[in-house]
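Please read each point with the model in view.

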Amino acid sequence: MKYKALRNITAMATGAILLAACNQSPSTNSAQDTEAAKTSKSDSDLLTRINNGGTINVGTEGTYPPYTYHDEQNKLTGYDVEVTRAVADKLGVKVDFKETQWDAMLAGLDAKRFDMVANQVSLTTPERQAKYDKAEAYSWSGAVVLAPKSDSRFNSWESLKGLKSAQSLSSNYGELAQKYQAEVVPVDGMAQAVELVKQGRADFTLNDNLAVLDYLNKFPNSDLEIKLKAPKEEMTGSGLVLLKGNDEVVAKLNQAMKELQEDGTLTKLSQQFFGEDISKQ
């Protein structure tokens with residue numbers, strides 16, 4: 001009797017353990033499967049929406065002229081915004097812009113609050129390149145030298161040696177000026193740098209090509225001009241950025257961008273916002 005009772009107790013305990021294991025295993029697997037399904041669904045959902053003429057959600061700042069900002073009628077516009085709208089037209093989809101601060105832009109993409117980002121993003125770091133994909137670039141930029149039109153000393157980058165350059169000490173352009181052995185005149189930002197050059201207190205300033213073109217477009221009578229441009233191999237391209245895993249979508253975006261390049265749309269938008277074609281390297 002004792003043996004039989006012990007056997008019954010053992011059987012009951014074993015059954016309870018098996019039952020607990022059965023109840024726990026599907027729960028754990030189910031959570032994993034659900035998460036995987038969500039990821040898979042999210043990745044395929046964007047392609048489905050594009051194929052069916054749905055809506056793509058795009059993160060952008062809305063406070064970064066001339067790339068993304070609100071005009072006098074409070075309409076969201078800018079180079080990046082209008083390029084994205086043109087891409088959407090080529091794909092036959094609608095676009096819904098989600099305005100987000102820059103500091104939260106990529107985090108919003110990570111959280112899948114939007115499908116892609118249009119905000120002058122250039123995946124220049126290995127960390128970003130490992131995590132995101134960038135469609136074909138729609139703008140190219142690099143360092144340029146801005147100086148008075150009447151100054152003829154700028155015939156090569158080596159000619160910067162010994163000249164005064166108005167630069168923010170903490171910027172990459174300040175470091176570049178020092179690389180070419182220019183004497184750096186410290187400033188707080190580009191606006192002050194331009195004023196020092198106009199006043200003759202500095203010979204030139206180094207800055208991003210697109211920022212300088214934007215300035216010259218707004219102030220065509222400044223008597224300043226771009227003297228030197230970074231070589232092509234040193235230029236960086238900005239494009240629509242997505243999470244990795246959307247290869248078919250990236251291919252569609254690339255094709256749309258190619259068509260916009262060929263039909264002159266990118267050149268037209270470049271001229272509209274910068275007075276020069278920035279869509280080609």
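Predicted model: local features only at pLDDT ≥ 70, side-chain atom pairs only at ≥ 80, totals over all residues.

1. Helix 2 and helix 9 are roughly antiparallel to each other, a label for angles over 145 degrees. Their axes come within 10 Å and cross at roughly 160 degrees; axes are lines fitted to C-alpha atoms over the stretch in contact, with angles from 0 to 180 degrees between N-to-C directions.

2. Residues are numbered from 1 along each chain as its sequence is written, and side-chain values use heavy atoms, without hydrogens and water.

3. From helix 2, Tyr-79, Glu-82, Val-83 and Ala-86 meet residues of helix 9, including Leu-266, Leu-269 and Phe-273 (contact means heavy atoms within 4.5 Å). By class, seven residues of this contact are nonpolar, two polar and one charged (nonpolar: Ala, Val, Leu, Ile, Met, Phe, Trp, Tyr, Cys and Pro; charged: Asp, Glu, Lys and Arg; polar: the others, Gly among them).

4. The largest pocket is lined by 32 residues, with Ser-141, Gly-142, Ala-143, Tyr-173 and Asp-208 nearest its centre (on a 1 Å grid over the protein atoms alone, a pocket is an open set of points where a 1.4 Å probe fits, with protein on both sides within 12 Å along at least five of seven lines; lining residues have an atom within 4 Å of a point). Helix 7 gives the most to this lining, with five residues. The lining divides into 18 nonpolar, nine polar and five charged residues.

How values were computed. Helix = DSSP H or I, 4+ residues; strand = E, 2+ residues; numbered from the N terminus. Parallel < 35°, antiparallel > 145°, perpendicular 65-115°, else oblique.
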